[in-house]
Amino acid sequence: MVINSKIVRDLSGMKKVAVFEHCSATFDEIGNNDAVIALSQDNGVGRGDHKFYSPKGGLYIVMRAVGLHINAHTLAPSVGLAVHDAVKSVLGIETSLKWVNDVMKCGKKVAGILCKCPRRGEYLIGVGINYATDQSELDNAGIENATTLCAPENRVSYFVAGLLKRMRIATLATFDHKRYSELCMTVGKNISFVYNGTEVRGYAESVAADGSLVVRMGAATVVVDAGEVSIVREIKE
């Protein structure tokens with residue numbers, strides 16, 4: 001898989017874009033670039049410093065955003081919408097979203113988002129996508145909840161350019177929480193999460209304008225703004 005950096009620069013509007021066939025970690029390679037793209041990496045990280053498996057066939061992107069016009073708490077879900085839109089528009093593949101930083105295909109994770117703030121007013125937005133990853137790579141690694149887009153390699157440059165452009169626009173626009181709620185597979189489900197130090201269950205009603213998850217617990221309603229949320233799978237007899 002080869003990325004044409006000129007196509008990416010011209011169509012995304014970004015001047016400083018670095019492309020690596022392989023690197024240790026894209027977050028470490030950002031330097032003074034606007035964006036970095038790698039086709040594989042050794043030390044990819046996810047939320048909570050979990051390792052993000054990054055084999056060949058994937059896209060591992062970090063984009064710099066400065067002077068955000070949106071609430072930082074809505075950054076990950078806004079980028080999730082950008083990923084969804086790029087996948088559908090450029091590749092014609094349907095995906096859904098899982099609050100707060102995952103993109104899903106057929107109920108399995110196909111992309112993850114991680115945002116870091118190295119200094120005030122600057123954010124590094126990381127997106128890892130199983131673009132053309134061999135499904136056997138994920139299965140052999142024991143990642144049962146992951147899948148791949150199986151996207152055509154000859155569209156990869158146009159996809160990356162379209163995604164970066166949408167990501168940049170997302171950092172300048174108001175978070176569309178209503179559309180996110182419509183696309184979010186977490187909404188309308190019974191979920192489990194940690195609240196005040198205790199694992200509890202509730203019903204996810206919607207995603208609010210500030211990016212938090214609105215959850216009904218009996219007669220009360222609470223908002224969850226961070227942490228791991230799992231969908232409770234009902235056992236049918």
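This is a predicted model: local features need pLDDT of at least 70, side-chain atom pairs count only at pLDDT 80 or more; totals for chains, interfaces and linings use all residues.
Figure 1. A salt bridge joins K6 to D10, and their closest N and O atoms are 2.7 Å apart. The count for the model is eight salt bridges.

Figure 2. R64 makes a salt bridge with E122, with 2.6 Å between the closest N and O atoms. R64 belongs to strand β3 (residues 59–66) and E122 to strand β7 (residues 122–129), so the pair ties together parts that are 58 residues apart in sequence. Are the two partners buried or exposed? E122 has a relative accessible area of 8%, which is under the 20% cut-off, so E122 is buried. R64 has a relative accessibility of 22% and therefore counts as partly exposed, the class between 20% and 50%. The pair is also part of a network of salt bridges that links R64, R119 and E122.

**Figure 3. The salt bridge of K88 and E94.** The closest N and O atoms of K88 and E94 are 3.5 Å apart, and the two residues form a salt bridge. K88 is partly exposed because its relative accessible area is 42%, between the cut-offs of 20% and 50%.

Figure 4. Strand β2 consists of residues 35–38. A35 and I37 point one way from the strand, while V36 and A38 point the other way. All of these residues are buried. How does β2 run relative to strand β1, parallel or antiparallel? Strand β1 (residues 17–20) and β2 are parallel and are joined by four bridges. V19 has I37 as its bridge partner in β2. With β3, strand β2 pairs in the antiparallel sense, again over four bridges. Here A35 stands opposite M63 of β3.

**Figure 5. The largest pocket.** This pocket holds about 910 Å³ of space. Its lining is made up of 45 residues. Which of them lie nearest the centre of the pocket? These are F52, D102, K109, G112 and N145. Two or more lining residues come from each of α2 (26–29), β3, β5 (102–105), β6 (108–119), β7 and β12 (229–231). Strand β6 gives the most to this lining, with seven residues. By class, the lining of the largest pocket has 22 nonpolar, 15 polar and eight charged residues.

**Figure 6. The second largest pocket.** About 340 Å³ of space lies in this pocket. The second largest pocket has 21 lining residues, and R47, H73, A76, V100 and C115 are the ones nearest its centre. The elements that give two or more residues to this lining are α3 (75–91) and β6. Which element gives the most to the lining of the second largest pocket? Strand β6 does, with five residues. The lining of the second largest pocket divides into twelve nonpolar, five polar and four charged residues.

Notes
Residues are numbered from 1 along each chain as its sequence is written. Side-chain values use heavy atoms; hydrogens and water are left out. A salt bridge is a side-chain nitrogen of Lys or Arg within 4 Å of a carboxyl oxygen of Asp or Glu. Buried means under 20% relative accessible area, exposed over 50%, partly exposed in between (1.4 Å probe, protein chains only). On a 1 Å grid over the protein atoms alone, a cavity is a set of points where a 1.4 Å probe fits but cannot get out, and a pocket is an open set with protein on both sides within 12 Å along at least five of seven lines; lining residues have an atom within 4 Å of a point. Grid points are joined across faces, edges and corners, and a volume is the space filled by probe spheres set on the points. Ala, Val, Leu, Ile, Met, Phe, Trp, Tyr, Cys and Pro count as nonpolar, Asp, Glu, Lys and Arg as charged, and the others, Gly among them, as polar. Two strands pair if DSSP finds at least two bridges between them.
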